Amino acid sequence: MQLCHGAYICFCNYPLTKKLTIMKKILMFLLALCMVMPMAAQNNKELNKQLKKEYKLKMKTLKKENWALFGSSRSLEVMLLKHYEKLNSDDGNDAYEVVGTASNFISKNVGHQAAVNNACNNYARQAGSIVKGRIVSDMSANGTDGDGEFDHFYAAYESSVEKEIRGEMTESFSLIREVGKTPKGQPLYEMQTYFIISENAACRARLRALDNAKKESEAAQKYADKVSEFVKGAFDPNTGGE
């Protein structure tokens, strides 16, 4: 209160021209705010419209392809909606969807584990490919050819990422459908398991993997700071892009 009172007294002591300048700036700020708020509301409205459209299209596709929810008492509609809410929430700004698949299995539990393994493996391969691309590009830009030096590192890093990323992926739901029969008439299944992963958590996993992989490569130790910078770089596991 004393601070506000002091500021008011200070303002009252300003010359008239300075008061008018300050008032003009305040008025311009309020006008700009009035213009931005409707635009933000319109953007949110359009986003919600597109998200609703995306959700309906996904549900239509899943039902048409005979997918059913696996391992949950909730409905597919609810689980998919909760999945999208997590991906598009304020806390999910750095979140990505990762999907693992498995096919032609009899045991549903075995199939689920295979889908989890597939998701981790796919992420690790993409993470390894991204880092390799960044290293090769940097070496080429500097006129050096260090690709051979890093061969052991690439394999060790990818393997370590696969192990480290497991603890960072949060499973949203799994889908299952019958795709055929064995010669003995047992049903064969296919499964998709959906995960959400935070880029912050994934980055920590990649850095742990880097620490492990550096032990396998003198080149990675030699260029540790640069490689660490490449590993920290975010990428979208759905597209492999940055």
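A: Happy to! Two strands count as paired if DSSP finds at least two bridges between them. With that in hand, note that this is a predicted model, and let's take strand 4, which covers residues 187-198.

Start at the hairpin that strand 3 and strand 4 form, with 5 residues between the strands. There, G185 takes a positive phi near 90 degrees. In strand 4, P187 is the bridge partner of K181. Strand 3 (residues 170-181) and strand 4 run antiparallel, joined by 10 bridges.

Strand 4 also pairs with strand 2 (residues 95-105): these two run antiparallel, again with 10 bridges. One of the residue pairs here is E97 with I196, the latter lying in strand 4.

How enclosed is strand 4, then? Of its 12 residues, 9 are buried, so strand 4 is largely enclosed by the rest of the structure. Buried here means under 20% relative accessible area.

Now for the side chains. Since F173 sits in strand 3 and Y194 in strand 4, the pair ties together parts that are 21 residues apart in sequence. Both F173 and Y194 are buried.

Terms used
Residues numbered from 1 in each chain as written. Predicted model: local features only at pLDDT ≥ 70, side-chain atom pairs only at ≥ 80, totals over all residues. Heavy atoms only, no water. Helix = DSSP H or I, 4+ residues; strand = E, 2+ residues; numbered from the N terminus. Buried < 20%, exposed > 50% of the residue type's maximum accessible area, 1.4 Å probe, protein only.
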